[in-house]
Amino acid sequence: MHAAAILLAVSGFLPFPSYARLINIHAPSTQLNSAWELRVAPQLEEHSLPSGVSPAVFGLSEMVSGTMNHDSLLEGNAELRRHASVIKANVIHYNSDTDFAEAIGNVRIINNGNKFSGSDAHLEIGASSGYITKPQYYFGLSGGFGSAERIDIIDGARLVVHHGTYTECQCDSSPAWYVKATRFNVNNKTNLCVAHNSIVFFQGVPIFASPWLLFQLSKGSRQSGLLPPTVMTSSSTGLAISLPYYLNLAPNYDLTITPRIMSRRGILISPNFRYLSQIYSGNLIIEYLPYDHITHTKRYAVFFNHRQNFGHGFGGYIYYSRVSDKTYPEDLVSSNSFLLRTQALYQQEIGITYNNGPWSALLRWQHWQTLQPLIAPYGLEPQLNVKYSRHNVSGLDFGAEVDATRFSISTADALESTRCVFNPYILYPILRPGYFFTPKIQWHFESYNFPTTNSRDSYQIQSLNINVPTLSLDSGLILDRRVHLFGRDYIQTIEPRLYYVYTPHHRNQRFAPFFDTAKSDFCLANIFEDGNPIGNDCVADINQLTSALTLCLLDPASGKRRSRFVIAQQYYFHNQGAMFTQSRSAVQTEHSDIIMGSSFRLSSDFSTEQAFQYNLGTNQLVRASLGFSWSPAERRVLNATYRYTRSNIKPSDKLINQLVISAQWPLARRLYGVVRVNYDINQNHLIDAMMGFEYDEKCWSFGIGLQKYTNGINSFNQAFTGTRILAQLQLKGFANLDNGLVSQFQASVPGYQPVTPLPVPQNRFTHYQ
């Protein structure tokens, strides 16, 4: 018998219709009693053919005629099956000598997840080649479909569609968007489709045309080519159009070149190079404007980030950023830039790290580009920091930090120095059911060497040494019980806590400089820290006790916290003498303000948080924050936050009295509104705001937003404000034209949910026939 033998099933031999059906995906496999016996398979699976074996061809129809081992004519609901290919038609003529089949009338072809239907088809079965006239088709990789005058099937992976259309809108007629081209070259192996002389239609209107258009059939693969353009208008740049070109240079690195044409500024070129390997990764971004029509200068910004693993615990990194001038951030930053409009510090740093067991080390050089009017911070030339820590060694935790740093600064007549720090510590945590008690002692050794070029009268000393110990005792109880409230069971916990810290006064600290030190803020997040400022320049002389009480309600089934209330206060047993800034000493009081905080999660869709700081001496509210979030369903969220900070708590503090409201909510079927308002109640002034709309259809979406932004103080010490229009058009599964609308919605509205994407294409067995 010929290798491509035909098994004919006619009405007299096998009753029509005879179809094997998958009736239970969990059905167990059964043993075969003969070579041709059918069985119920537990699931559909891919089966590759052994090398050198040709698959058999099976035929099924109501009537069959022909010559044995030569040709066959199948008439009436005819089917021809070979491996992963199925041909169905009213009439099929198959010649086993040439392995050629002709299908006429109501033709349907299923091949590796792709489906074709047309009036007639002419195919070479073994080579999976041929053509179909007047076809409609469906691609299983993308879920896309269309129609054409003719399809040429080159082989099992390649197709050529002549004068056809393509869309992923799953509708019976009139798709919202489609691509029309004189020719589509489809390659299922590379998952790519090339459209020649193509036009993109949206709602029947042509919106884009290109002699050559490439797109992916399955998402996730990469290919060089133009990316969707973005359009933006703002008060700073005018109308700006960006057209990125993506270069897939290798599997582990790529390059995106984005020209940005700005009506008010000129043409800015921005290459973005990314690379990745098992031992290193990084990216380089450059923005270059050869000539700014407003400033009449060339302008640029550079960002470089590199990380590398040298092995055996060693690593390294480079972080470099720089701009050409002080107004670059407010003039030229776009929605997809690595810069921020308020950014005034640009870090330039290189370092080597080491991490192995209890040891960690960092050696780095650090500089800053500082934009006016900000005061330049100190650079590190270099800094060596080594840490060692061990836990539960005979019940003890201990460790130490060694830091040696040379501080430099470009400011004229500013103090420079070399500082060495040694901070050892040891603690003995006692943890028992219901309570804990942790005594700790640490020491702060510090030494400065001042160069003779320092001209400040207060720093005419050549060296300074500081030697200060700190003792702390942390203790608390954890008590719990079961309670029944509001018809539900909870676990209630009561957690009183006392934290005592003592550091004696060291008189030499009044000469200590301030290179990297700032006073930590007084809040619930750090109330149980040791009270020292951030940095190593100064150790506060402390003799204080922190007391706090925490009440919680827990869900006994899930352990989730449903409510929490905290109240805390610090008590000072002597006045502090250490300076926290060069111009102002610590506040001389007997106790701190009272801090209170609470949070409630009444249900999975509603939560609220509050925090207060109250001064008992002046009977004034110092700080307050109240907020809630309600999200009853998908793409429905309402947030409200009130913030208050009394002015003149510190010399730099200003009155804050703000109300922030943000929401995403459906306005009509498929139409959603997005809004954010940040309002200054004290000055009756709108700080920033955004209002936008999104319309979400099954296979496309459109959004538009108007934003007013205020980015603090610019380089001229003036409030910098601006407006811009953001928009997005998403042809789902094909292209996304977005100039920053979605990212701005996400940043402005906590809990914002973007539009619903197209469902993931199902596997080829979904439409198995």
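Keep in mind that the model is predicted.

Let's begin with charged side chains. Side chains of opposite charge can pair when their charged atoms come close. How many salt bridges does the structure hold? There are 21.

Select Arg 265 and Asp 292. These two form a salt bridge, and their closest N and O atoms are 3.1 Å apart. Buried or exposed? Both Arg 265 and Asp 292 are buried.

Together with Arg 265 and Asp 292, they are linked in a network of salt bridges.

**Stop two: two other pairs**

Next, pick Arg 81 and Glu 79. Their side chains meet in a salt bridge, at 3.2 Å from N to O. Colour them by accessibility if you can: Glu 79 is buried, at a relative accessible area of 4%, whereas Arg 81 is partly exposed, at 23%.

Then jump to Asp 555 and Arg 562, where a salt bridge of 3.5 Å (N to O) joins the side chains. Asp 555 counts as buried because its relative accessibility, 11%, is under the 20% cut-off. Arg 562 is buried too, with a relative accessible area of 17%.

**Stop three: His 444**

Move on to strand 31 (residues 435–449) and select His 444 there. This histidine is buried, with a relative accessible area of 8%. Which side chain does His 444 meet in a polar contact of 2.7 Å? That partner is the side chain of Asn 423. Show the surroundings as well: setting aside neighbours within four places in sequence, His 444 is in contact with residues including Val 421, Phe 422, Ile 466, Val 468, Asn 536 and Val 539.

**Stop four: Tyr 245**

Finish at Tyr 245, which lies in strand 19 (residues 245–250). Tyr 245 is partly exposed, with a relative accessible area of 34%. Beyond its neighbours within four places in sequence, Tyr 245 is in contact with Gly 225, Leu 226, Leu 255, Thr 256 and Ile 257.

How values were computed. Residues are numbered from 1 along each chain as its sequence is written. This is a predicted model: local features need pLDDT of at least 70, side-chain atom pairs count only at pLDDT 80 or more; totals for chains, interfaces and linings use all residues. Side-chain values use heavy atoms; hydrogens and water are left out. A salt bridge is a side-chain nitrogen of Lys or Arg within 4 Å of a carboxyl oxygen of Asp or Glu. Buried means under 20% relative accessible area, exposed over 50%, partly exposed in between (1.4 Å probe, protein chains only). Helices (H or I, at least four residues) and strands (E, at least two) are DSSP runs, numbered from the N terminus. A polar contact is a pair of N or O atoms within 3.5 Å; within protein, one must be able to donate a hydrogen and the other to accept it, and residues adjacent in sequence count only if both atoms are side-chain atoms. Contact means heavy atoms within 4.5 Å.
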